Amino acid sequence: MTLTTPALLFPAISLLLLAYTNRFLTLAQLIRKLAEEDRDTHHEVAARQILMLRKRITLTKRMQMAGVSSFLLCTLSMFALFLSLTLLGMVLFGISLITLSVSLCFSLWEVKISTNALNVQLQDLEVLNRHRASGAAGERDDSDDTPRDL
């Protein structure tokens, strides 16, 4: 194994950490927005969203920690290979790949929860639209009974 093998992983890990940071910032914005809405109206959907957001934050933290650990281990692997400690470099690189895989698994889990949260929001919108439609139909029925001037 040469020094360039772990170096090939650097751009991938860097991009992955950037994507994780963007997901974290999006979560932070969602939480702030939900907190603002919750102050105005207490609502069952908001409570369900809060539970999912809390889990997503935990997973985001874990995937970032695993990603950073992978990056650090990859760096240590390169340093060990630079010092001609081939076996140590290979072991560190292997552990780096494992922690990167763990990070990706956490990311996959977080995406699953994210899509579930979107489905909760869509269900709430569907209920609201049905309620509005039934209210509008009721208004039309009432207006048909009233006499009109010609």
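**Labels and their grounds**

Q: Where is leucine 85 placed?
A: Leucine 85 sits in the loop between α3 (44-82) and α4 (86-145). Helices here are DSSP runs (H or I, at least four residues; strands are E, at least two), numbered from the N terminus. The model is predicted, so local features need pLDDT of at least 70 and side-chain atom pairs count only at pLDDT 80 or more, while totals for chains, interfaces and linings use all residues. Residues are numbered from 1 along each chain as its sequence is written, and side-chain values use heavy atoms, with hydrogens and water left out.

Q: Why is leucine 85 called partly exposed?
A: The relative accessible area of leucine 85 is 41%. Buried means under 20%, exposed over 50%, and partly exposed in between (1.4 Å probe, protein chains only). Leucine 85 is therefore partly exposed.

Q: What makes Phe79, Phe82, Leu83, Leu85 and Leu88 a nonpolar patch?
A: A patch takes residues with over 30% relative accessible area and no salt bridge; nonpolar side chains (Val, Leu, Ile, Met, Phe, Trp, Tyr) are joined within 5 Å, like charges within 9 Å. These five, Phe79, Phe82, Leu83, Leu85 and Leu88, form such a patch on the surface, with about 520 Å² of accessible area together. Areas come from the Shrake-Rupley method with a 1.4 Å probe, and for residues only the protein chains shown count as cover.

Q: Which residues touch the most other members of the largest nonpolar core?
A: They are Leu9, Ile13, Tyr20, Met52, Cys74 and Leu100, in a core of 15 residues. Such a core is a set of buried Ala, Val, Leu, Ile, Met, Phe, Trp, Tyr and Cys residues joined through side-chain atoms within 4.5 Å. Two or more residues each come from α2 (9-40), α3 and α4, and α4 gives the most, with six residues.

Q: What does leucine 100 touch, not counting residues up to four places away in sequence?
A: Leucine 100 touches Leu9, Ile13, Leu16 and Ser70, where contact means heavy atoms within 4.5 Å.

Q: Why is serine 70 counted as buried?
A: Serine 70, in helix α3, has 0% relative accessibility, so the residue counts as buried. Beyond four places in sequence, serine 70 touches Ile13, Ser96, Thr99 and Leu100.

Q: Why is serine 96 called buried?
A: Serine 96, found in helix α4, has a relative accessible area of 0% and is therefore buried. Leaving aside neighbours within four places in sequence, serine 96 is in contact with Leu9, Ser70, Leu73 and Cys74.

Q: What makes arginine 23 and glutamate 110 a salt bridge?
A: The term requires a side-chain nitrogen of Lys or Arg within 4 Å of a carboxyl oxygen of Asp or Glu. In the pair of arginine 23 and glutamate 110, the closest N and O atoms are 2.6 Å apart, and the pair forms a salt bridge. Arginine 23 lies in helix α2 and glutamate 110 in helix α4, so this pair ties together parts that are 87 residues apart in sequence.

Q: Is arginine 23 buried or partly exposed, and what of glutamate 110?
A: Arginine 23 has a relative accessible area of 26% and is therefore partly exposed. Glutamate 110, at 0%, counts as buried.
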